[in-house]
Amino acid sequence: MYFFKNSIYNFNLGDLLSGYTINESFIFKEYREYIDFLNVLYLRVTPKIVITTQDFLLPDFYFAKVANFQNIQTITHQHGEIPNSEKSLYSVLFSDYFMCWGEVSKERLKRSINEDRIKIVGTTKFGKIRAKNSFIKENILITPTVFPLHQLKFILSNTLIEIKDFNNIIIKTHPSQNTKEIKDVIDEICKLNEITTNIKVIGSEEGLIDLLDNAFILINIKSGAYLEGVLSGTSLIDLDLDEVNSSLFQNADAFIKVSDLKNEIAKRKSDSKYNESIIRNQNLLLKKNIFSSTLETEIEFVKGLL
């Protein structure tokens, strides 16, 4: 029997640090009814294994912890790139095992998790690198992560001033951001700096993949959208805000300072061989990080535990 749960809830790192990683009793007192429900559920369903999306998500945490108390094996798995940092949501593992995408993920997880608990299983999340359409792309797509509004304004102002000579600039807002608020910020930036180029701000009305299909360059600002960018075959720029070496697949070609944006974009537009070499390198790094697994698939690993 397979039992699936749906989850629409998440929480932030502050909740994680003030909650169960430091003081688990706090969370257990607050969610006694949820724990009682799971105890009854497991007695009725009698699972041999409980698999969660990511056990740092609050519901998944309870599914894993209650299963642990009942001596039920637990597995969680990788959702996005494992940050190149010892301090991340992936640094704490509540399940017995973690299924990850490839060798790079495993090496990063080994900093805080015993190697025996980490299993490389690849991923079907990104099945292949998408082929670009043959017609020429001109759009410059910018994907910022969530910043406080004053910080976002500062970053976008510097970025847009540097690339104001290019046309067809699109800013794709993060799903959790207020698109109108960002539009107002862009209007203010353009007026203050006499930027007259065509800049569009797009929210959830248009999907990221469709935007990437028509983008020549993706300027990624600390966002997970870089992964879709690489998979779409888009020439990637990972904006350097703090002069810290890029953790995104250790992709040195993509790591560009704001002051170098104009020249770098112009070079990629004018020198097709240079741009093609950038994309080839992206594809190689992607395969190394995600498609390098020759071991068990997720289902084979689960079957082995059963």
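This is a predicted model: local features need pLDDT of at least 70, side-chain atom pairs count only at pLDDT 80 or more; totals for chains, interfaces and linings use all residues.

Visitor: Okay, how far apart are the end C-alpha atoms of helix α7?

Guide: They are 21 Å apart. The helix runs over residues 179-193, and at 1.5 Å a residue its 15 residues should span 21 Å, so the two values agree.

Visitor: Which residues in α7 are buried?

Guide: T179, I182, V185, I186, I189 and C190. Looking down the axis of α7, these buried residues fall within an arc of 135°, so they line one face of the helix.

Visitor: Why would a spacing like that put them on one side?

Guide: An α-helix has 3.6 residues a turn, so residues three or four places apart point the same way.

Visitor: And what does the face turned away carry?

Guide: That face of α7 has the exposed residues K180, K191 and L192.

Visitor: What covers the buried residues?

Guide: The cover includes α6 (149-162), β6 (169-172) and β7 (199-202).

Visitor: Switching to the ends: what happens just after α7?

Guide: E194 takes a positive phi of about 55° there. At the start of α7, a side-chain oxygen of N178 comes within 3.0 Å of the backbone nitrogen of K180.

Visitor: Now the core. Which residues touch the most other members of the largest nonpolar one?

Guide: I142, L160, I163, I186 and I219, out of 29 residues. The biggest giver to this core is α7, with 5 residues.

Visitor: What does I219 touch?

Guide: Leaving aside residues up to four places away in sequence, its contacts include I142, I163, I237 and I265.

Notes. Residues are numbered from 1 along each chain as its sequence is written. Side-chain values use heavy atoms; hydrogens and water are left out. Helices (H or I, at least four residues) and strands (E, at least two) are DSSP runs, numbered from the N terminus. The expected span of a helix is 1.5 Å times one less than its number of residues. Buried means under 20% relative accessible area, exposed over 50%, partly exposed in between (1.4 Å probe, protein chains only). The arc is that of the directions from the helix axis to the C-beta atoms. Contact means heavy atoms within 4.5 Å. A polar contact is a pair of N or O atoms within 3.5 Å; within protein, one must be able to donate a hydrogen and the other to accept it, and residues adjacent in sequence count only if both atoms are side-chain atoms. A nonpolar core is a set of buried Ala, Val, Leu, Ile, Met, Phe, Trp, Tyr and Cys residues joined through side-chain atoms within 4.5 Å.
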